[in-house]
Amino acid sequence: MTSRLYQKYQKEVAPALQEKFGFKNKLAVPKVVKVSVNVGINARNTDSGYLEAVEKDIARITGQKPVRTKAKKAISAFKVRENMVVGVKTTLRGQRMYDFLDKLINVSIPRIRDFRGLSLKSMDNNGNFTIGFREHNVFAEIRSDEVERVHGLEVTIATNAGSKEIGQELLKLLGFPFQK
């Protein structure tokens, strides 16, 4: 069973991109390669229950077990020691990635408080796009009565577009609500 968003990509988005930018080969048409979801954890927050709660939330949001990220070197100004856990991340590809993006576009982004569209400033020159969430409870998998502490997270959508313009058009055709 393929994702609804992947079917939309194949039937509508890829042909539209091929026509607009003149790609001769179907394989040259840009697509979303991976989506990574990560949470940075404050070094002063040594509460082990907090780390487990963040891991549980990310696993529930993405449907995949997250990996702990560790500091590569010590930075005394931030009270970070080498090999100290400083974040949690997970990378989605394939079917899970398209399912996650579908939920992100149609459920989570509309639930953001005072939402006026995604800023195009968050797109880099290679067509990759990053969205920062101040609260993780905009995701439907997180019930508000279970939230002990609210934390932010970052979703990075990596494409093989190669340019800002093509990446922007790809995400716009997929249904991302950009600012006018």
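Which residues does K103 touch, not counting residues up to four places away in sequence? K103 touches I61, S108 and E141, where contact means heavy atoms within 4.5 Å. This is a predicted model, in which local features need pLDDT of at least 70 and side-chain atom pairs count only at pLDDT 80 or more, while totals for chains, interfaces and linings use all residues. Residues are numbered from 1 along each chain as its sequence is written, and side-chain values use heavy atoms, leaving out hydrogens and water.

**Residue K103**
- K103 lies in helix α3, residues 94–108; helices (H or I, at least four residues) and strands (E, at least two) are DSSP runs numbered from the N terminus.
- K103 counts as partly exposed because its relative accessibility is 33%, and this class lies between buried (under 20% relative accessible area) and exposed (over 50%), with a 1.4 Å probe and protein chains only.
- K103 and G167 are 64 residues apart in sequence and 20 Å apart in space, C-alpha to C-alpha.

**Nonpolar core**
- The largest nonpolar core has 44 residues; such a core is a set of buried Ala, Val, Leu, Ile, Met, Phe, Trp, Tyr and Cys residues joined through side-chain atoms within 4.5 Å.
- V35, L104, I157 and F176 have the most contacts inside this core.
- Helix α3 gives the most to this core, with six residues.
- Leaving aside residues up to four places away in sequence, V35 touches several residues, among them T90, L92, F100, V155 and I157.
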